[in-house]
Amino acid sequence: MCAGCGGLEVLHEIYDILGAKTVFTNAAGCMTLLSVYPFTPFRGSWLYTSMASAPAGAQGIRDALDILLEKKRIQPQDDLQVVTLTGDGSAYGMGLSATSGAMDRNLDFIYLCYDNEGYGNTGQQYSSATPHAAITSTSKTSHGYPGYKKDLFSIWVAHRPAYVATVIGAEPLDLAQKIETLQGLRGPRMLISLAPCPTGWDYDPKLTVEIGLLAVQTGIWPLKEYKDGRTIHTRIPRHRKPVEEYLKLQGRFQHLFEPERAEKEIAVIQARVDTYWDNVIEAHE
Ligand SMILES: Cc1ncc(C[n+]2csc(CCOP(=O)(O)OP(=O)(O)O)c2C)c(N)n1
Ligand code: SF4
Ligand SMILES: [Mg+2]
């Protein structure tokens with residue numbers, strides 16, 4: 001694993017709360033490198049799946065646990081929490097169909113997507129979570145990635161699962177409150193964490209927390225949760241910092257500032273963030 005990995009940071013924080021009575025289904029990606037057969041750093045169980053099928057793996061394990069409970073071969077206190085762990089390449093793309101099916105079936109599981117906005121494990125190719133203008137290994141032109149990040153939160157919410165939230169490792173209190181909330185619920189409980197990635201985003205590993213905080217303070221990464229049919233924002237940054245404070249710390253956006261400022265592109269990114277928050281604030285007033 002790389003020093004300063006924001007995905008590992010959020011996984012650590014969540015695992016500290018969930019504890020060892022968990023079984024993970026982990027789709028191929030950076031986090032699968034945590035385990036070198038036959039060892040894993042998890043105190044509970046861990047299962048490696050293909051990129052597209054981690055939620056299907058979770059279904060199989062939940063079914064097996066339910067059968068063992070029904071046959072009284074394990075006691076309720078021995079039951080395990082099933083947790084799916086994937087990157088954005090799986091969650092936003094290859095695994096979206098399996099996730100949709102799991103939500104349709106009201107599968108009782110927790111899903112954590114650590115979103116480093118690209119295929120990190122294979123060299124940061126773009127994914128459908130890649131933000132506009134970012135340089136990736138498959139978007140190397142002077143303009144970076146031409147598309148826009150997919151809104152996975154809304155796609156998941158459209159399925160009306162028990163819970164959906166965005167989190168980030170740099171805001172551990174917000175994260176802990178959300179884990180506490182989802183632990184009181186049953187059914188599909190979905191989390192997306194922005195996962196600052198020094199290797200793929202090209203910045204000094206010591207900046208991971210600062211970049212995470214700036215993602216929230218600039219409004220680029222809204223912290224919110226959906227439950228009981230309603231979405232609420234758990235932080236509303238009314239005095240937002242300019243998005244360029246977040247962008248300029250990362251090598252993948254340097255072409256927006258050097259050799260000359262790309263005013264139009266920076267304004268496009270700022271305008272999208274402003275429109276998002278104008279709508280949120282208007283709805284709150
Ligand atoms: C069907 C399939 N295509 C390609 C790969 C090769 N592969 C392994 S990990 C990975 C990247 C996964 O990206 P993401 O889900 O965002 O996780 P990250 O690597 O960023 O942690 C790819 C493309 C694969 N395992 N399976
Ligand atoms: S490439 Fe990024 S997400 Fe993957 S281990 Fe390194 S820092 Fe973490
Ligand atoms: Mg990724």
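Helices and strands are DSSP runs, numbered from the N terminus. In this predicted model, Pro-38 falls in the loop that links strand 1 (22-27) to strand 2 (45-49). The peptide bond between Tyr-37 and Pro-38 is cis, with omega of about 5 degrees. Pro-259 is placed in the loop between helix 9 (243-247) and helix 10 (263-284).

Backbone geometry was also examined at Lys-72. This residue belongs to the loop between helix 2 (54-70) and strand 3 (81-87). Phi of Lys-72 is positive, near 60 degrees, and the residue is not glycine. Most residues other than glycine have a negative phi, and most peptide bonds are trans.

Helix packing was considered next. Helix 1 (residues 6-18) packs with helix 6 (residues 172-183) at about 45 degrees. Their axes are 10 Å apart. Angles from 65 to 115 degrees count as roughly perpendicular, and those under 35 degrees as roughly parallel. Helix 1 and helix 6 are therefore oblique to each other. The crossing of the two helices is right-handed.

The surroundings of ligand 2 were then described. Ligand 2 takes up the space of the second largest pocket. Its shell includes four cysteines: Cys-2, Cys-5, Cys-30 and Cys-197. Met-1, Asn-116, Pro-198 and Thr-199 also surround ligand 2. By class, the shell around ligand 2 holds 6 nonpolar and 2 polar residues. No charged residue is part of this shell.

Technical notes: Residues are numbered from 1 along each chain as its sequence is written. Chains are lettered from A and ligands numbered from 1 in the order in which they are written. This is a predicted model: local features need pLDDT of at least 70, side-chain atom pairs count only at pLDDT 80 or more; totals for chains, interfaces and linings use all residues. Side-chain values use heavy atoms; hydrogens and water are left out. A residue is near a molecule or strand if one of its heavy atoms lies within 4 Å of it. On a 1 Å grid over the protein atoms alone, a cavity is a set of points where a 1.4 Å probe fits but cannot get out, and a pocket is an open set with protein on both sides within 12 Å along at least five of seven lines; lining residues have an atom within 4 Å of a point. A molecule sits in a cavity or pocket if more than half of its atoms lie within 2 Å of its grid points. Ala, Val, Leu, Ile, Met, Phe, Trp, Tyr, Cys and Pro count as nonpolar, Asp, Glu, Lys and Arg as charged, and the others, Gly among them, as polar. Axes are lines fitted to C-alpha atoms, for helices over the stretch in contact, and angles run from 0 to 180 degrees between N-to-C directions. Helices (H or I, at least four residues) and strands (E, at least two) are DSSP runs, numbered from the N terminus. Angles under 35 degrees count as roughly parallel, over 145 as roughly antiparallel, 65 to 115 as roughly perpendicular and the rest as oblique. A crossing is left-handed if the near helix is turned anticlockwise from the far one by less than a right angle, and right-handed if clockwise.
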